[in-house]
Amino acid sequence: MGLLVEGKWVDQWYDTEKHGGRFVRESAQFRNWITADGSAGPNGEGGFEAEPGRYHIYFSYACPWAHRTLIFRKLKRLEEVISVSPVDPDMLENGWEFGDQADGTADPLFGSNFLHQVYTRADAHYTGRVTVPVIWDRKRETIVSNESADIIRMLNSEFQAFTDVDTDYYPKELREDIDSINEMVYHQVNNGVYRCGFATSQAAYEEAFEALFQALDELEQRLSRQRYLVGDTLTEADWRLFTTLLRFDPVYVGHFKTNLRRIADYPNLLNYTRELYQVPGVAETVNLRHIKRHYYYSHGNINPTRIVPRGPVLNLDDPHDRDRFSN
Ligand SMILES: N[C@@H](CCC(=O)N[C@@H](CS)C(=O)NCC(=O)O)C(=O)O
């Protein structure tokens, strides 16, 4: 694991010391938007028009942020419009790697060995972390965005000319509610599990742990009253939470020490996770082998033996009880 400094790869773990043992996530740096007509989006520059065959997403099956983009591509039926390829689950001294054709993780665009080579193709002097997901523009030969929260909104609304799926996961009338729940879920849950797992002081771990389980208790309450996070409409807020819930019992409980309760101990969160998993197409985006292997094998300082646990049983296909909320 490492980062690029002025375009050169440096093998270095997160520096938590300057924050009292806390893990502080860096902001993504490529923040342009693909738009239906090529106009500039909320930030960044214009000129990235939605076109079939033009864009490619590099993702990791393991990564909850990248997983969101894979789910949106599936839900919006954009498989023929936007190509994708996974990186290898092991992220070691060279960061995210590509494998070979046989295991399906080669770089189909440039045959690179490492994802950092894709970053320096876009910016030869890039300084920062090399993260997935990345959406690449074949036409302008650059990275449009490496921020999953932005990418899922592009997929949700900007490729409507190339899909027959009208479902809007970020409808205007619900945006305020979605943004507000996203904010809480991002800090306390999505990033919260990382703040537990990557903490290097007891106090930093406990602070993140308290916030995480306070949020999960609140979400459990909320989902005992309503089907989805924002009432009875399935929105991007649910998909953003789902990718963390899915990884919670198989990885975070053990590897990140988020062990007050499992998702299996929260009846509403458990059934909600099952419902989302069972939405047509979603199960195909889930690769539990990559998920477990990545975390347990890549973080040698957290799990020095690199042994990947065999369990637990998840039963994601079991019937859920969320229909109790429909009219
Ligand atoms: N804000 C980014 C975060 C992406 C992210 O941190 N991805 C992780 C994998 S789960 C990564 O690539 N980490 C590599 C690193 O930090 O060096 C997003 O949501 O797109």
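**View 1. Surroundings of Thr 131 in the predicted model.** Apart from neighbours within four places in sequence, Thr 131 is in contact with Ala 28 and Asn 146; contact requires that the C-beta atoms of two residues, placed from the backbone, lie within 7 Å. This is a predicted model, in which local features need pLDDT of at least 70 and side-chain atom pairs count only at pLDDT 80 or more, while totals for chains, interfaces and linings use all residues. Residues are numbered from 1 along each chain as its sequence is written. Thr 131 lies in the loop between strand 7 (128-129) and strand 8 (134-137); strands (E, at least two residues) and helices (H or I, at least four) are DSSP runs numbered from the N terminus. Thr 131 counts as buried because 24 C-beta neighbours lie inside 10 Å. The burial classes rest on the number of other C-beta atoms, placed from the backbone, within 10 Å of a residue's own: 20 or more for buried, 12 or fewer for exposed, and in between for partly exposed.

View 2. Ser 148 is found in helix 3 (residues 148-157) and is buried, since 28 other C-beta atoms lie within 10 Å. Beyond four places in sequence, Ser 148 has contacts with Trp 65, Ala 66, Arg 68, Thr 69 and Pro 133. An unreviewed UniProt entry lists Trp 96, Arg 129, Val 130, Thr 131, Val 132, Glu 147 and Ser 148 under "binding site". UniProt positions follow the numbering used here, feature names are shortened, and annotations may be inferred rather than shown by experiment.

**View 3. Shell around the ligand.** The ligand is surrounded by 14 residues, of which the closest are Cys 63, Trp 65, Arg 129, Thr 131 and Ser 148; a residue is near a molecule if its C-beta atom, placed from the backbone, lies within 6 Å of it. By class, the shell comprises eight nonpolar, four polar and two charged residues. Nonpolar covers Ala, Val, Leu, Ile, Met, Phe, Trp, Tyr, Cys and Pro, charged covers Asp, Glu, Lys and Arg, and the others, Gly among them, are polar.

View 4. Cys 63 is placed in the loop between strand 3 (55-59) and helix 1 (64-75) and is buried, because 26 C-beta neighbours fall inside 10 Å. Tyr 194 belongs to helix 5 (residues 192-197) and is partly exposed, with 17 other C-beta atoms within 10 Å. Not counting residues up to four places away in sequence, Tyr 194 touches Phe 23 and Arg 25.

**View 5. Packing of helix 7 against helix 9****.** The axes of helix 7 (residues 236-255) and helix 9 (residues 288-298) come within 10 Å and cross at roughly 10 degrees. Axes are lines fitted to C-alpha atoms, for helices over the stretch in contact, and angles run from 0 to 180 degrees between N-to-C directions. Helix 7 and helix 9 are therefore roughly parallel to each other, a term for angles under 35 degrees. Helix 7 contributes Arg 247, Pro 250, Val 251 and His 255 to the contact, and helix 9 contributes Leu 288, Ile 291, Lys 292, Tyr 295 and Tyr 296. This contact has six nonpolar, one polar and two charged residues.

Technical notes
Angles under 35 degrees count as roughly parallel, over 145 as roughly antiparallel, 65 to 115 as roughly perpendicular and the rest as oblique.
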